[in-house]
Amino acid sequence: MSEKTLPNKVPTELPAWKKLHVHYQQIAQTPLLSHFENEPNRLAYSTLEWEDFYIDFSKNKIDRKGFDLLIELAEQSGLNDAIAAQFSGAPINATESRAVLHSALRKIDDRPVSVDGNNILPELKAAQQKMFAFCEQVISGAWKGYTGKPITHIVNIGIGGSDLGPAMVVEALAYYQNHLEVRFVSNVEGDHHLEVLKGLNPETTLFVIVSKTFTTQETLSNAVSIRKWFLKQVPESGIAQHFVAVSTNIEKTKAFGIDPQNTFPMNDFVGGRFSLWSTVGLSICLAVGPESFEALLRGAGKMDLHFQKTPFEKNIPVVLGLISIWYNNFFGAESEAIIPYTQYLRSLPAYLQQGIMESNGKSVDRNGKRVNYQTGTLIWGASGTNAQHAFFQLIHQGTKLIPTDFIGFKKSLHGNSEHQNKLLANFIAQTEALMSGKTKKQVLEELAATGMDQADQLALAPFKVFEGDKPTNTLLIEQLTPENLGALIAMYEHKIFVQGVLWNIYSYDQWGVELGKQLANKVLEDIEGHASHPHDSSTRKLLQKLNSQ
Ligand code: F6P
């Protein structure tokens with residue numbers, strides 16, 4: 001474990017936390033709409049404009065005083081020093097003794113970034129140039145399969161950060177995609193890779209094995225089985241044209257049979273769930289080409305600068321992180337929904353689940369003590385308007401408080417304004433409806449207008465009342481371009497960091513996934529009859545059921 005490079009203040013002991021607690025008791029019951037009445041200039045502090053982004057966080061159950069206290073909390077927590085430490089390359093991932101430098105992959109200027117006294121930028125640039133050159137060859141058709149045909153299909157084999165980010169971005173940038181069809185295999189379930197392989201011609205398919213460690217059970221099992229499938233049809237010499245790897249573990253990729261020429265390096269200081277900017281993004285780069293990939297990086301790089309240089313009250317990731325803490329730690333909200341109003345971003349919630357929940361799902365603070373306050377939020381969501389017809393009922397009229405991010409794009413990509421107007425009408429109307437609700441008086445007036453008799457009106461009214469007062473953030477972005485997508489993803493990455501710093505936890509390790517992995521290896525030995533490990537009675541019975549004919 002490296003020495004502590006992040007501040008380690010217990011948030012509940014900070015003066016601002018205590019003041020926020022008092023303030024919460026004073027305003028928790030104040031309807032959101034009243035804040036608009038009480039604060040004629042509310043939008044002046046609760047909307048932010050940056051590049052192509054307009055962020056409206058006015059529809060939240062907080063007033064100016066509460067907002068100022070949240071900013072005070074961020075200051076008292078040492079967030080400024082934490083941000084500086086992260087970007088400087090200090091080993092802030094202390095439990096793994098690593099720096100956290102996905103930001104170096106998209107750095108807009110060439111000022112050196114040092115890890116252990118060495119400037120890492122030349123090495124990152126070289127890996128990126130190797131990836132770009134390779135992608136250009138595959139896209140142009142200069143890279144040939146073993147029978148001399150150009151590549152038409154890409155299969156990305158990876159899981160977690162080696163799958164979710166590339167898969168989400170390839171889907172999100174479908175509009176910008178070239179002729180290559182990209183598929184993803186992640187689950188260790190054999191049916192998954194067999195479905196993905198359906199209809200593929202080995203002569204024209206390129207397999208990209210992505211694993212930072214190159215030890216992950218799912219990825220290696222899939223890679224081995226897919227290689228077998230390939231070798232049933234193709235001589236061993238064909239591997240070089242059809243299998244490439246992305247990893248930090250060059251020895252292991254070599255042992256797997258991949259030519260070091262065809263291995264794209266990545267680095268320890270880039271965490272799996274933050275790695276799409278690196279060579280892990282190879283499938284993205286193949287799908288949309290180096291130019292769009294660079295635009296994605298540029299957007300994220302600009303957001304990095306915004307995060308580093310903007311005062312907290314105007315700093316998008318800081319503000320969004322603080323508002324989320326307000327609900328999580330004061331209102332006791334357990335989850336947050338993320339609703340992108342575009343089908344292109346339908347996988348964004350799943351991608352952010354890993355980013356947010358693997359990072360901040362921690363219960364031990366940076367002093368090694370168990371926390372006595374809530375940390376990471378549950379993240380869920382789906383694309384709008386589909387989500388409206390699936391689970392919005394619960395957000396509107398259920399018993400739970402679910403702060404929701406609405407993400408929308410002003411202009412469509414194909415230029416169809418008729419549909420776009422309808423989409424955006426829903427996008428705006430939902431946040432208004434969630435905040436304003438519908439009173440009993442309004443319901444009764446509406447029912448009376450239908451000619452319903454009064455007794456029926458009174459009986460039906462309670463079911464049709466909307467309490468409103470449901471908080472939302474609106475993120476209105478000009479258009480879904482690679483650059484804006486990069487900025488959006490980086491925005492959420494920094495929000496994660498802000499919250500981790502304030503909760504005094506380490507956001508960049510993921511020890512919580514290890515135990516299940518270890519036990520799965522033992523259980524596999526039990527299932528395959530190679531061992532008989534001791535288990536509890538429930539597990540023993542389940543194993544018996546599996547092994548019975
Ligand atoms: O699930 C744990 C995890 O380590 C993730 O953080 C990571 O993204 C994923 O496994 C895949 O790891 P690798 O890229 O090493 O195969």
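Two rings of Phe, Tyr or Trp, the last represented by its six-membered ring, count as a pair if their centres lie within 6.5 Å. With that in mind, and remembering that this is a predicted model, begin by selecting W17, Y24, W326, Y327, F330, F331 and Y373, which ring pairs link into a cluster.

A search of the whole structure finds 28 aromatic pairs. For the next stop select F132 and F293, whose rings form an edge-to-face pair, with 6.1 Å from centre to centre and 80° between the planes.

Two stops concern charges over rings. Select R42 together with F36, where the charged end of R42 sits over the ring of F36, 5.0 Å from its centre; then move to K130, which lies over the face of F264 at 5.2 Å from the ring centre.

Finish at the largest pocket, which has a volume of about 960 Å³. To centre the view, select T216, Q510, V513, E514 and K517, which lie nearest the pocket centre among the 37 residues of its lining. Then colour α9 (217-231), α14 (348-360) and α20 (514-527), each of which supplies at least two lining residues; the largest share, five residues, comes from α20. Colouring the lining of this pocket by class will show eleven nonpolar, 17 polar and nine charged residues.

Methods: Residues numbered from 1 in each chain as written. Predicted model: local features only at pLDDT ≥ 70, side-chain atom pairs only at ≥ 80, totals over all residues. Heavy atoms only, no water. 1 Å grid on protein atoms, 1.4 Å probe; cavity = no way out; pocket = protein on both sides within 12 Å on 5 of 7 lines; lining within 4 Å. Points joined across faces, edges and corners; volume = space filled by probe spheres on them. Helix = DSSP H or I, 4+ residues; strand = E, 2+ residues; numbered from the N terminus. Nonpolar A, V, L, I, M, F, W, Y, C, P; charged D, E, K, R; others polar. Phe/Tyr/Trp six-rings, centres within 6.5 Å; stacked < 30°, edge-to-face > 60°. Lys NZ or Arg CZ within 6 Å of the ring centre and 35° of its normal.
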